[in-house]
Amino acid sequence: MHAIEVSHISKKFGLLTALDDVNFTVSKGETFGFLGPNGAGKTTTIRILTGISTPTKGTAKIFGKDIILETTAARKQMGIVHETSNIYDDLSAWQNLMFTAELYTVAKKERELRGKDLLELFGLWERRNDKVHGFSKGMKRRLTLAMGLINNPRLLFLDEPTSGLDVQSNLIIRDVIRDLNARGVTVFLTTHNIEEANLACDRVAIINRGRIAAIDSPERLKKTIQSAQSIEVAFDPADPRRLEELIQIPGVSEVRKQGDKFRLFTEDPSEVIPAIMEYAGDHNSRVLSVTTFGPSLEDVFIKLTGLEIRTKGVSTVD
Amino acid sequence: MIPGLIAITILFSASSIEPVSIPIERRMKTFDRLVSAPVSLHAVVLGESLSGFLYSIGIAFVPLVAGLLIFGTTPLSIVPLVSGIFLTSFCFATMGTLFAAYPTESPGDIMSMLNMVRLPLIFISGVFIPLESIPFIGQVAGFFSPLTYGNDLIRAAYLGDSHFNPLIDIAMLCTFILIFQLIANRLYNKFNE
């Protein structure tokens, strides 16, 4: 039995097809990343998996419970951390936690014990009686995550858990995700931070225009695009005009200037590195550093979603 | 005057809570928390109606106590008074919840729609003008107004006289509650998509 089993799910809003025959499974204890550009169908998928929305076709099961037919039983096994910190500003941190626990019918003694543990874990115990409207964004996010864990879920949906957070909150949340994973909790992570998915996930699915473009482990996905290998090189003197010269080196498909360094994309770094050295010698320059990079998950994402054309010249992906 | 005042107070207080709170909950995304919890959507809708109901019960005591203390108006019978206040409050709370199903994050959007219904109700429900005295078309329209039956029941408690049999008033208010609740359930299901 899988933690999540999605079978031929489609969702239409009038003429718009938001999801088109989506299939995937998530194993128990797996950390599964769900990536895609805005409007690709991530939110619709999460809404279906959490029983808020009904698919036009297909089925979704959570630990074998059909989310449409056995909604309450399926939901009892999951914790949900929504993209927005949806907490009650006029309640204290403790009241927010206890209210959520009651929604999940957690027994009084258990919810009080667990509430204390969670607030301590997230560094909020000292502020437990303060109303939430005075909390920082990071504190609200940590409280939202604590509320998602109050029912001790077997499956945790995390929608953009670290988006726009301070370093401390980021570290706490990442540690907690690692710890959950170690304890066998299945994590379904939606994020725009591709590096976060690369570091945290056992497997990732990339969704684009309502269809799954790829599902595999981050490393296997990276191997599919060898052309995204690159060499980062710094010259002395640093002359920005080298851009046009470097693109002339055989085997180099693209050159990007990154600060005082250049990034040369190639399918064969071993062929290009000697050519770079030769270029430096010819131009009386010294090579300060050379670093080779394999393809990143972001490169895979850009290739599979076709964002390269739409965001030419932009090296980060939202 | 006091029965009409109580009926109008209930109409406006009970039906105003959800049209304000639900859009704000949508804006704060706390509504998503409720509808994704292991609780049926029908229970969420019923719970929302209950908050308007409880608030309205409290507010209804203001004209009731004012009538008692300032004007010396005492109800003749407690049973129609309590059932009138409770059922009318719950009925208009469910009406407020029904209107709040409209998928907006702005309370003003719902309030403007709601006022188009609430204000005419006052004039066709025998609150200011007795049902017998309004034109026939108004009387027919009044039969479809829950305020008619709520006001009639509260009048029965104060005056010992009512346009309909109090049991009919109770039955009609229960029917309206059921209809509003069923429609609200369907609308929340539909708009949650």
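Mentor: The account below begins with the interface and then turns to the cores and to chain A as a whole.

The model is a predicted one, and side-chain atom pairs count only at pLDDT 80 or more. At the interface, 22 residues of chain A are in contact with 14 residues of chain B. The size of an interface is often given as the accessible area lost when the parts come together. By that account, chain A and chain B bury about 1700 Å² between them, and 51% of this area lies on carbon and sulfur atoms. On the side of chain B, the residues that lose the most area to chain A are Arg33(B), Pro38(B) and Glu193(B), which together make up 44% of what that side buries.

Two elements of chain B, helix H2 (17–28) and helix H3 (30–35), each give two or more residues to the side that touches chain A. H3(B) gives the most, with five residues. By residue class, this side of chain B divides into six nonpolar, five charged and three polar residues.

As to specific interactions, six residue pairs are in polar contact between chain B and chain A, with both residues at pLDDT 80 or more.

In soluble globular proteins, nonpolar side chains tend to be buried together. The largest nonpolar core here has 127 residues, and those with the most contacts inside it are Ile4(A), Phe24(A), Leu143(A) and Phe188(A). Its largest share, ten residues, comes from helix H5 (residues 78–99) of chain B. Leaving aside neighbours within four places in sequence, Leu143(A) is in contact with several residues, including Ile87(A), Leu97(A), Leu119(A), Val132(A) and Phe135(A). The contacts of Leu143(A) also include Asn96(A).

Finally, chain A itself deserves a summary. Chain A has 318 residues, of which 49% count as buried, and its secondary structure comes to twelve helices and 14 strands. Its C-alpha atoms fill a box of roughly 75 × 45 × 35 Å along the principal axes. Among the contacts in chain A with a separation of 6 or more, 67% join residues 24 or more positions apart.

Terms used
Residues numbered from 1 in each chain as written. Chains lettered and ligands numbered in written order. Predicted model: local features only at pLDDT ≥ 70, side-chain atom pairs only at ≥ 80, totals over all residues. Heavy atoms only, no water. Contact = heavy atoms within 4.5 Å. Buried area = accessible area lost by both parts, 1.4 Å probe. Polar contact = N/O pair within 3.5 Å; in protein donor to acceptor, adjacent residues only side chain to side chain. Helix = DSSP H or I, 4+ residues; strand = E, 2+ residues; numbered from the N terminus. Nonpolar A, V, L, I, M, F, W, Y, C, P; charged D, E, K, R; others polar. Core = buried A, V, L, I, M, F, W, Y, C linked by side-chain atoms within 4.5 Å. Buried < 20%, exposed > 50% of the residue type's maximum accessible area, 1.4 Å probe, protein only.
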